[in-house]
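I opened a structure file today and kept notes on what I looked up. The entries are in the order in which I made them.

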Amino acid sequence: MSAEVLYDDASRVYPGNPGVRAVDKLSLSVPDGEFLVLVGPSGSGKSTALRMLAGLEDVNEGAIHIGNRDVSDLPPKDRDIAMVFQSYALYPHMTVADNMGFALKLRGLSKEDISAKVGEAAALLDLTKYLDRKPKALSGGQRQRVAMGRAIVREPSVFLMDEPLSNLDAKLRVETRANIAALQRRLGTTTIYVTHDQVEAMTMGDRVAVLKDGVLQQCDTPRELYDRPVNAFVAGFIGSPAMNLATAPLVDGGVKLGGVTVPLARSVVDAARGLSEVTFGVRPESLRLVGESEEGFDLAVELVEELGADAYLHGRVGTDRFVVRVDGRTPPRMGSTVRVALRGESEVHAFHPETTLRLG
């Protein structure tokens with residue numbers, strides 16, 4: 001049975017460091033059946049928030065609810081959750097079938113019921129032919145699926161996943177994250193998934209919650225995070241490569257960048273009234289190469305990163321670093337200077353230079 005998850009001003013303060021909150025007044029509602037991804041850099045509090053929900057970390061202030069129950073003080077076994085860890089945590093002496101059915105055995109289910117549930121989950125995860133093997137005879141991806149199967153057979157209200165793909169190679173990660181997202185949609189179980197990889201977050205989650213220093217910055221759909229980041233941190237964290245950010249002086253109707261006036265939308269100009277400068281943001285794919293006679297700013301190319309279909313130019317506009325995505329078939333040479341222009345006014349983002357909040 002699925003359930004809504006609610007963090008209600010939940011905080012975690014470690015006894016040895018009372019001045020620092022690992023998670024600071026987190027308020028977040030995860031509707032029944034949603035796939036929510038918690039993402040952020042190392043030390044942002046995402047794993048701590050997940051462990052608070054699992055009952056592996058104390059909730060020092062506020063509360064956490066699953067369904068209509070306050071589970072803040074309940075032991076993990078009474079929370080009706082199943083967790084998939086980074087390390088998989090499989091029993092090496094047990095077969096795949098025994099690993100998957102172990103929690104059901106502890107509950108006292110009959111051998112027939114356990115076998116039926118394990119068989120059903122194994123079929124779902126393409127593990128049927130491996131049920132008699134030990135974990136050491138499996139690949140990393142297969143072990144990860146066994147850990148998933150062990151969680152599925154318990155039929156919990158909530159799945160919790162703590163960086164479950166970080167031990168897999170790049171190709172297998174892409175394949176497995178697609179499998180996990182598809183599986184979650186089939187099962188319809190509320191799922192909270194932790195990762196530091198923002199590409200993983202953007203491709204898997206119904207919504208993505210971005211954390212920094214224990215504080216929730218923004219929670220929204222991947223598209224909304226990408227198009228309308230609420231502050232400069234989210235803007236720089238979401239997107240690969242990251243958004244170009246530079247502090248630039250305000251002039252009439254825009255900002256001065258590389259000797260050129262870049263126009264800003266009227267709503268941004270109005271919101272920036274009284275400021276002498278703003279933090280200007282533009283994504284690498286929102287820039288294009290133009291001819292010398294066209295209006296734009298000059299980029300001194302310091303590195304060309306060739307990826308096949310695309311190439312990324314890393315360079316400087318004055319003292320500011322910029323990355324520009326270009327056609328990979330005919331990229332400029334390293335050491336050259338190219339002229340760059342915006343694809344459109346709507347592609348520009350602007351943030352307050354002190355509060356870092358979005359303008360307009």
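**Entry 1: ground rules**

I noted that this is a predicted model, in which local features need pLDDT of at least 70 and side-chain atom pairs count only at pLDDT 80 or more, while totals for chains, interfaces and linings use all residues. Residues are numbered from 1 along each chain as its sequence is written, and side-chain values use heavy atoms, with hydrogens and water left out.

**Entry 2: N60**

I looked up N60 and found it in the loop between α1 (46-54) and β4 (61-66). Helices here are DSSP runs of H or I with at least four residues, strands are runs of E with at least two, and both are numbered from the N terminus.

The scale calls a residue buried under 20% relative accessible area, exposed over 50% and partly exposed in between, using a 1.4 Å probe and protein chains only.

Which residues does N60 touch? Leaving out residues up to four places away in sequence, I listed S11, R12 and V13. Contact means heavy atoms within 4.5 Å. For V13 I also noted that its backbone nitrogen lies 2.6 Å from a polar atom of the N60 side chain. A polar contact is a pair of N or O atoms within 3.5 Å; within protein, one must be able to donate a hydrogen and the other to accept it, and residues adjacent in sequence count only if both atoms are side-chain atoms.

I then checked N60 against S72, which is 12 residues along the chain, and the C-alpha atoms are separated by 9.1 Å.

**Entry 3: salt bridges**

How many salt bridges are there? I got a count of 17, where a salt bridge is a side-chain nitrogen of Lys or Arg within 4 Å of a carboxyl oxygen of Asp or Glu.

One of them joins the side chains of E57 and R12, at 3.0 Å from N to O. E57 lies in the loop between α1 and β4 and R12 in strand β1 (residues 5-13), so the pair ties together parts 45 residues apart in sequence. Both residues, E57 and R12, are buried. I also found R12, R51 and E57 linked in a network of salt bridges.

Another salt bridge joins the side chains of R207 and E34, at 2.9 Å from N to O. R207 is in strand β9 (residues 207-212) and E34 in the loop between β2 (21-30) and β3 (35-39), so I wrote the pair down as a link between distant parts of the chain, 173 residues apart. R207 and E34 are buried.The side chains of D78 and K77 also meet in a salt bridge, at 3.4 Å from N to O. D78 is partly exposed, with a relative accessible area of 33%, and K77 counts as exposed at 69% relative accessibility.

**Entry 4: helix pairs**

Two packed helices are described by the angle between their axes and the distance between the axes. Axes are lines fitted to C-alpha atoms, for helices over the stretch in contact, and angles run from 0 to 180 degrees between N-to-C directions.

I found helix α2 (residues 96-106) packed on helix α4 (residues 140-153) at an angle of about 30°, with their axes 8 Å apart. The two, α2 and α4, are therefore roughly parallel to each other. Angles under 35 degrees count as roughly parallel, over 145 as roughly antiparallel, 65 to 115 as roughly perpendicular and the rest as oblique. V96, N99, M100 and L104 in α2 meet V146, G149, R150 and V153 in α4.

For α4 and helix α5 (residues 170-187), I read axes that come within 11 Å and cross at roughly 15°.
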